[in-house]
Amino acid sequence: MATAASHCLLKLYEERHELEDYQSGVPRWCTGCGDNAILAAVQRLCRDEQLRPEKTVFVSGIGCSSRFPHYMKTYGFHGIHGRALPVAEGIRMARKDLHVFVNTGDGDCCSIGAAHWVHAIRYNMNMTVFLHDNQIYGLTKMQASPTSPKGLRSNTTPRGAFLEAMQPLTVTLGVQNVSFVAQAVDWIPELLYDIVSAAFRHRGFSFIRIVQRCPEWLPSLFEPWLHDPERVRLLHHDAGIQISPALARVYRNQEHHDPADIDRAREIASCIDPIPVGILYRNPEVPCYEDLRETDHLRTNEFIKSGLEAEFDKFTVWPSA
Amino acid sequence: MSQADTLKQSVPGVAGRVRSPAAKAVTEIEQQVVEIISDSGEGAQSCGQSLGAIAARMGNGVWTVEIIPAEIRPPARSVAGASGNRIRLGSRRVTNGGDETDLVVALNEQVLLGRVRAGELKPGCTILLESKWRDDTDPRIASSYLQTHEQLVSSGYRVVEVPMERECKTAVADARRGKNMFALGMLCSIYSLDMGMAREQVALTFRKKSREVIDNNVLLLEAGHRWAETNLEFKYRIPAVPSSEAQIVVNGNTALALGVLASGMEVCAMYPITPATSASHYLADVFEKVGGVVHQAEDEIAACAFAIGASYAGKCTVTITSGPGYALKQEAIGLAAMAEIPLVVINVQRGGPSTGQPTKVEQGDLLTTMFGSHGDAPKVVLAASTVEDCFYSVITARKIAETFNMVVVVLSDASLATAQTPFPRPEFKDAWVAPPVDQTPVPSGMRPYDWDAETGLARRIVPGQPGGMHTITGLAHDRDSHVAYDPDINEEGLRARSLKLAALQKTLKPPTVFGDETGDLLLIGWGSTRGTIEEAVERMRAEGRRVSSLHLRFLQPLPPAINDIMAGFDKVMTIETNWSDQPDEAIIDEHNRRYSALAMLLRSRYLVDIDCWTQVRGAPIKPGAICKVIREKLDQ
């Protein structure tokens with residue numbers, strides 16, 4: 001018995017994954033880029049949840065943030081611009097045993113991939129989606145994105161962005177079947193981790209918008225928020241995020257918000273200053289598309305054959321006896 | 001004017017008196033093209049399908065094609081609104097829709113005019129025309145009918161006016177929707193089809209309806225049969241040799257869907273588009289029964305990306321579309337080619353460019369499927385040439401996609417999509433079905449792209465396999481799937497992906513020549529024109545012309561020995577349903593003439609002066625038209 005028990009322990013020890021088991025290569029993001037903070041939080045999540053690397057897939061589109069999968073020692077799918085969500089949906093539909101994560105930027109998700117974003121919310125497939133929102137196109141060198149603030153000078157809007165910024169949270173909360181919406185900022189890593197963790201644990205389409213800094217193109221965009229903790233409002237609730245005493249001393253602008261309250265969630269979502277941080281909405285009751293589409297059949301050749309023969313029967317002209 | 005008088009006036013030889021059926025002479029014929037047309041929603045489709053099914057059961061060769069208006073409910077009695085079915089019956093196997101129509105049943109004269117103007121009716125064609133419009137309370141309708149009738153008669157058509165609605169009313173109380181079965185009864189009489197089988201077919205057609213509905217329709221069928229036996233002078237018999245083997249009768253789209261079922265693929269992602277959608281309709285109905293999923297995505301791009309995601313993580317998947325949808329999928333197809341993810345794309349071609357002719361046939365997508373997507377994105381292209389081929393092509397495509405980790409495009413078209421013809425019932429083989437997804441640990445040292453030096457092939461690693469973790473990317477990458485901009489690595493990847501086509505080509509058999517292997521003229525075709533081209537070749541050979549044909553199933557890569565085959569003929573030309581400039585146009589010469597797709601490909605590959613003849617009239621090419629081309633080409 002003792003031998004068996006120690007063998008089990010040994011096996012557990014051997015199979016335990018450390019942080020480095022999820023780390024791959026040296027990220028090529030700029031120093032101070034918010035993507036680094038997200039990567040750290042996600043690698044920590046994988047370690048804490050002990051996700052099996054071979055059962056984990058990170059899917060991305062195109063852009064700075066979409067390099068994310070390359071820095072994870074898991075399976076990864078670095079696809080084409082805007083299409084991360086439908087690729088991830090296909091993966092999820094084929095393989096419910098895989099943990100699916102999506103990294104998408106504000107251009108990738110809210111512009112070229114906007115149609116997929118709206119429908120992904122509606123499908124509510126079980127995956128964790130990080131919207132890396134730095135409010136600018138980085139990889140293609142500083143063009144305005146849909147979330148760029150009005151008046152922002154960029155290479156495509158040299159005299160200032162013409163339109164009001166799109167609010168990803170209000171859009172997401174407006175779609176039928178929305179089941180998890182949260183917001184984090186890259187400069188409060190503790191909460192970023194807590195929110196990522198809560199998102200992972202929600203079964204359904206968990207959407208986190210992460211407000212992040214771009215040190216290369218918009219180095220000072222969030223300076224006022226960084227210097228004034230009052231301009232960040234922390235959402236806390238027993239069923240949401242709990243704020244540590246240390247954090248509570250710095251960030252005193254807080255709101256007790258029940259994530260089940262979608263009306264208040266929508267009000268909070270439309271607030272851009274102060275920036276709300278926490279879980280805006282969670283509804284564990286929304287069915288997942290992959291569950292709705294699941295069939296109980298074990299697909300043996302014999303089973304396929306009998307199904308096919310039954311179909312042939314419908315169309316068969318038998319020889320006259 | 002009484003009905004009998006009308007008949008006398010219209011049809012010489014049709015007597016106004018009641019004749020006993022036994023007295024009627026039965027003419028034996030080898031084949032005939034029949035049409036039944038009506039306004040949308042009058043059931044002409046099910047009449048035509050049923051006629052085809054009965055004839056097939058009797059052992060006749062059958063080819064049915066739907067006549068579909070572009071709108072769901074075009075206005076009643078409109079020239080452009082003809083909806084119905086075109087059925088070619090033959091003693092032997094029928095491989096195409098044949099030439100112009102010999103006999104047509106029309107429920108009003110306006111839809112008939114549409115067919116006349118399209119040149120679809122043979123001179124002297126027999127027309128069985130619903131006569132109720134003659135006495136319509138709306139004087140405009142009555143006069144339009146009379147005028148059209150007169151015009152048809154004076155154009156030499158054999159017009160038989162049939163009081164269909166009146167006769168139906170004597171058979172059943174509510175006859176508004178039953179004229180199609182009355183027409184079926186008439187056709188069963190005209191072509192001496194077995195009424196027992198016809199009754200069974202009616203029961204099958206209405207199997208989801210109540211007993212009462214079935215009984216009423218059988219009554220209508222019998223009324224139509226009785227009326228024709230009594231009132232029509234002519235009666236034909238198309239001798240049939242009943243098949244000794246079981247056959248299935250489906251259209252090309254259903255055959256494609258059955259192929260998806262048989263291939264063991266589990267996911268079909270699609271977006272609705274004519275004329276491909278009916279394949280997905282059928283699949284949606286049956287796929288779940290064998291554990292599959294049809295996902296209707298939010299758009300064509302998403303459908304393709306979804307399929308790629310599912311394929312990447314599991315078994316090869318399929319996305320079904322038509323031209324405009326194919327254009328939208330191009331970028332994603334390039335990703336699958338770059339990352340070497342197996343994928344089957346079915347393109348049921350329609351008229352283009354842009355929205356073009358959604359319900360009409362065209363072979364306009366060959367070059368875009370071969371060369372589409374940017375950069376060098378090698379993919380396999382094969383074209384189904386028969387309804388049976390639609391079934392087997394999908395199975396073949398799945399297998400190639402998974403063996404070579406490539407995108408395989410299966411081309412069909414609007415003609416095959418709705419064409420129904422019997423083919424031997426397939427016998428299931430385990431080899432058709434995709435193997436289970438490999439979840440074994442990846443041997444240490446194995447890399448995600450271990451390209452074989454000779455063939456470019458690499459084993460695919462699937463998520464879930466321990467030790468195989470890597471990130472696939474649409475960026476240039478090395479054997480570890482790491483992003484790499486090194487010039488040598490870029491060329492190594494391009495080379496490997498290209499060589500896979502050559503490796504596949506080495507496994508292909510030379511195509512078989514139809515007719516002699518040497519002669520004066522070789523016709524080359526691809527896709528749905530096969531039966532038509534071969535019938536034309538057969539007719540011309542019977543006239544002593546030295547013509548043969550070659551039909552290509554694989555377009556990319558091309559099978560071996562095509563140049564050797566062409567060398568056996570003085571002249572070579574392709575026959576295609578896509579655009580080519582006419583050489584006799586004032587502005588056209590050899591420096592600017594745009595050749596048809598296949599002609600262009602063959603000319604560039606084999607450096608042979610290959611001509612082309614094409615027709616893009618939104619309808620299948622007729623064998624008679626090709627005969628004319630053959631004569632002209634040989635007499636040049």
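Reading a predicted two-chain model

Q: What confidence does the predictor attach to the model and to chain B?
A: The model scores ipTM 0.96 and pTM 0.94. Chain B has an average pLDDT of 94, and 96% of its residues score at least 70.

Q: Which residues of chain B have pLDDT under 50, and how should they be read?
A: Where pLDDT is low, the predicted coordinates should not be read in detail. In chain B, pLDDT stays under 50 over residues 1–19, for which the model has 27 contacts beyond four places in sequence.

Q: In what sense do β6(B) and β7(B) pair, parallel or antiparallel?
A: Strands of a sheet pair through backbone hydrogen bonds, either parallel or antiparallel. Here strand β6 (residues 121–130) of chain B pairs with β7(B) in the parallel sense, over five bridges. Within this pairing, Leu129(B) has Glu161(B) in β7(B) as its bridge partner. Together with helix α4 (residues 139–154) of chain B, the strands β6(B) and β7(B) make a right-handed β-α-β unit. Four of the five residues of β7 (residues 158–162) of chain B are buried, and this strand is mostly covered.

Q: In what order do the seven strands of the open sheet in chain B follow one another?
A: The order is β11-β10-β12-β13-β15-β14-β21 in chain B, and the pairing is mixed. At the edges stand β11 (293–296) and β21 (554–556) of chain B, each of which pairs on one side only. From one strand to the next, the twist averages 20 degrees. Strand β14 (residues 380–383) of chain B and β21(B) run antiparallel and are joined by two bridges; Val381(B) stands opposite Gln556(B) in β21(B). Helix α11 (residues 300–313) of chain B packs on the sheet, where it touches β10 (267–270), β11, β12 (317–321) and β13 (343–349) of chain B. The direction of α11(B) makes about 165 degrees with that of β12(B).

Q: How many residues of each chain are in contact with the other chain?
A: On the side of chain B there are 58 residues, in contact with 48 residues of chain A. Elements of chain B that give two or more residues to this side include α2 (44–58), α12 (323–339) and β17 (471–473). The most comes from α11(B), with ten residues. By class, the side of chain B that touches chain A has 34 nonpolar, 14 polar and ten charged residues.

Q: Which strand of chain A pairs with β17(B)?
A: Strand β2 (residues 75–78) of chain A pairs with β17(B) in the parallel sense, over three bridges. Gly76(A) has Thr471(B) as its bridge partner in β17(B). An open sheet of ten strands, with mixed pairing, runs in the order β10(A)-β9(A)-β11(A)-β7(A)-β8(A)-β4(A)-β3(A)-β1(A)-β2(A)-β17(B). Its edge strands are β10 (254–256) of chain A and β17 of chain B.

Definitions and conventions
Residues numbered from 1 in each chain as written. Chains lettered and ligands numbered in written order. Predicted model: local features only at pLDDT ≥ 70, side-chain atom pairs only at ≥ 80, totals over all residues. Buried ≥ 20, exposed ≤ 12 C-beta atoms within 10 Å, placed from the backbone. Pairing = 2+ DSSP bridges. Right-handed = clockwise from strand over helix to strand, strands pointing away. pLDDT = per-residue confidence, 0-100. Contact = placed C-beta atoms within 7 Å. Axes fitted to C-alpha atoms, helices over the stretch in contact; angles between N-to-C directions. Nonpolar A, V, L, I, M, F, W, Y, C, P; charged D, E, K, R; others polar.
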